[in-house]
Amino acid sequence: MRQSVLFTKTRREAPKDEVAKNAQLLIRAGYIHKEMAGAYSYLPLGLRVFKNIKNVIREEMNAIGGQEVELSSLQGPRLWKKSGRWDDEAVDVWFKTRLKDGGELGLGWTHEEPLTALMTEHMSSYKDLPRYVYQFQKKFRNEPRAKSGILRTREFVMKDLYSFNKSEKEFRQFYEQCAAAYLRIFERVGLGEHTFRTFASGGSFAKYSDEFQTLSAAGEDTIYLHRGKGIAVNKEVYTDEVLADLGLKKEELEEKKAIEVGNIFPLGTRFSDALDLTYTDEKGKKKPVVMGSYGIGPGRLMGTIVEVLADDKGIVWPKEVAPFPVHIISISGGNADVIAEANRLYDLLKETGIEALYDDRDLRAGEKFADADILGIPTRLVVSEKTMSEGGVEVSLRANGSATLVPESGIVDYLRK
RNA sequence: CGGGCCGUCGUAUACCGGUAGUACGCUUGCUUUGGGAGCAAGAUGACCCAGUUCGAUUCUGGGCGGCCCGACCA
């Protein structure tokens with residue numbers, strides 16, 4: 001994409017109403033726009049990052065047998081009354097409104113109820129199990145206090161997967177598979193070394209759940225980390241009993257702030273009982289389906305990547321999530337030969353299927369470099385009088401600033417390796 | 001939901017009970033061109049409502065909105 005037609009612009013100054021690093025940088029770079037507290041819009045480059053993150057998650061969910069759906073955001077009270085989660089006393093994050101005929105309506109803040117009810121139409125025998133269903137779906141939560149940029153918003157997309165199993169044993173097997181898939185996801189989006197499986201409260205459903213916590217001062221959670229074992233315990237459940245269960249000793253743990261980037265937890269038969277999701281086993285006996293739930297917010301993940309990997313010049317995207325893998329920058333000073341050479345390079349990459357953002361704007365070098373730094377595209381190709389006289393293209397990496405001159409004939413191979 | 005701070009051109013930031021200034025951005029022209037250029041000329045602004053006052057962007061009250069701390073966060 002030619003940067004000269006990109007409608008977003010970078011800003012030199014951070015907006016005064018944002019303190020969170022993720023929001024400051026994402027707004028300065030033109031990735032997102034703040035609509036109101038806790039509501040952000042995704043702009044072209046931001047949407048590309050968002051989609052890349054979703055794709056990583058989708059690939060990993062498909063790999064463990066996930067089937068993608070998209071449920072409605074509009075929720076009538078019927079199912080939620082059965083599960084006891086319609087009442088504002090029970091759930092205080094509902095956005096509720098009314099239909100024209102006066103009927104009550106809520107905006108979905110999670111989807112256990114509608115999906116469980118939906119599955120009753122398709123599940124009746126042990127032969128129909130196990131099944132794993134997920135979606136990327138807007139959740140609406142009337143948070144008492146939105147904060148930390150895109151880390152805690154009132155409207156956000158969540159990948160929520162729900163597992164349907166015949167037994168606790170079968171469920172546990174999948175639960176561990178999914179935990180492994182989550183670790184692969186965090187690895188692929190560049191947070192692997194900072195992210196730890198963390199024991200947490202199971203809420204009203206189970207004794208424990210597992211969170212995936214990324215170390216960051218911007219985090220809302222406090223965890224106790226055992227680096228050697230690569231696991232942690234959330235402060236919520238940091239008790240002698242839990243430590244004993246896990247075989248951890250207090251003196252081996254570090255206290256850290258962390259961002260919850262994922263959460264998986266057992267639901268047991270809480271919703272299958274409430275909504276009558278049962279199957280008939282081999283002996284003709286009716287049994288409730290054992291469920292689990294698995295969430296990752298791609299937006300929060302995007303914010304976390306910025307929080308953890310950005311440097312003092314701007315954002316640093318890992319390759320798999322970057323809006324473009326390559327950023328071509330022409331430093332022409334009006335020199336037509338340089339412009340022609342940069343155009344040729346852009347066309348060459350396009351032909352070979354390498355997507356690039358091409359800074360073809362008629363600006364001075366300093367401004368282009370400063371913009372490139374804040375945008376954070378991992379690989380930068382510079383074309384200028386200097387590189388042309390040296391017979392190549394300058395390739396530099398955003399992450400460490402290293403620069404190498406590569407002959408144009410070898411550039412495609414260089415980028416592919 | 002309790003507490004605190006704050007609403008001024010597109011962005012950031014001043015000052016002020018009496019003509020609202022600066023920087024970046026934007027427009028026009030010339031020069032400049034490997035790390036956010038220079039000169040010149042322009043355009044653009046007081047969240048809303050009430051009150052006090054000769055006069056309110058400024059003071060007072062209310063509303064709306066934003067941020068932070070806490071509570072909350074299946």
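The model is predicted: local features need pLDDT of at least 70, side-chain atom pairs count only at pLDDT 80 or more, and totals for chains, interfaces and linings use all residues. Residues are numbered from 1 along each chain as its sequence is written, while chains are lettered from A and ligands numbered from 1 in the order in which they are written.

**Exercise 1.** Describe the secondary structure and burial of chain A.

Solution. Start with the elements, which are DSSP runs numbered from the N terminus (helices: H or I, at least four residues; strands: E, at least two). Chain A holds twelve helices and 21 strands. Next take the extent: the C-alpha trace spans about 80 × 60 × 45 Å along its principal axes. Then take burial, where a residue is buried if 20 or more other C-beta atoms, placed from the backbone, lie within 10 Å of its own, exposed if 12 or fewer, and partly exposed in between. Of the 417 residues in chain A, 41% are buried.

**Exercise 2.** Characterise the surface near RNA strand B.

Solution. A residue is near the strand if its C-beta atom, placed from the backbone, lies within 6 Å of it. RNA strand B is surrounded by 43 residues, and the closest are Asp17, Ala37, Gly333, Ala365 and Gly366. Elements that each supply at least two residues include strand E13 (254-268) and strand E19 (379-384). Helix H10 gives the most, with eight residues. Finally, sort by type: Ala, Val, Leu, Ile, Met, Phe, Trp, Tyr, Cys and Pro count as nonpolar, Asp, Glu, Lys and Arg as charged, and the others, Gly among them, as polar. The surface has 15 nonpolar, twelve polar and 16 charged residues.

**Exercise 3.** Determine how helix H2 packs on helix H5.

Solution. Axes are lines fitted to C-alpha atoms over the stretch in contact, and angles run from 0 to 180 degrees between N-to-C directions. The axes of H2 (residues 44-63) and H5 (residues 168-188) are 10 Å apart, at an angle of about 155 degrees. H2 is therefore roughly antiparallel to H5, as angles over 145 degrees count as such. Contact means C-beta atoms, placed from the backbone, within 7 Å. Among the contacting residues are Val56 and Ile57 of H2 and Ala181 and Arg184 of H5. The contact comprises six nonpolar, no polar and three charged residues.

**Exercise 4.** Is Trp94 buried or exposed?

Solution. Locate Trp94 in the loop between helix H3 (77-83) and strand E5 (95-98). Trp94 counts as buried because it has 20 C-beta neighbours inside 10 Å. Leaving aside neighbours within four places in sequence, Trp94 contacts Asp88, Gly106, Trp109 and Asn142. The C-alpha atoms of Trp94 and Gly106 are separated by 6.5 Å.

Note on methods
Parallel < 35°, antiparallel > 145°, perpendicular 65-115°, else oblique. Contact = placed C-beta atoms within 7 Å.
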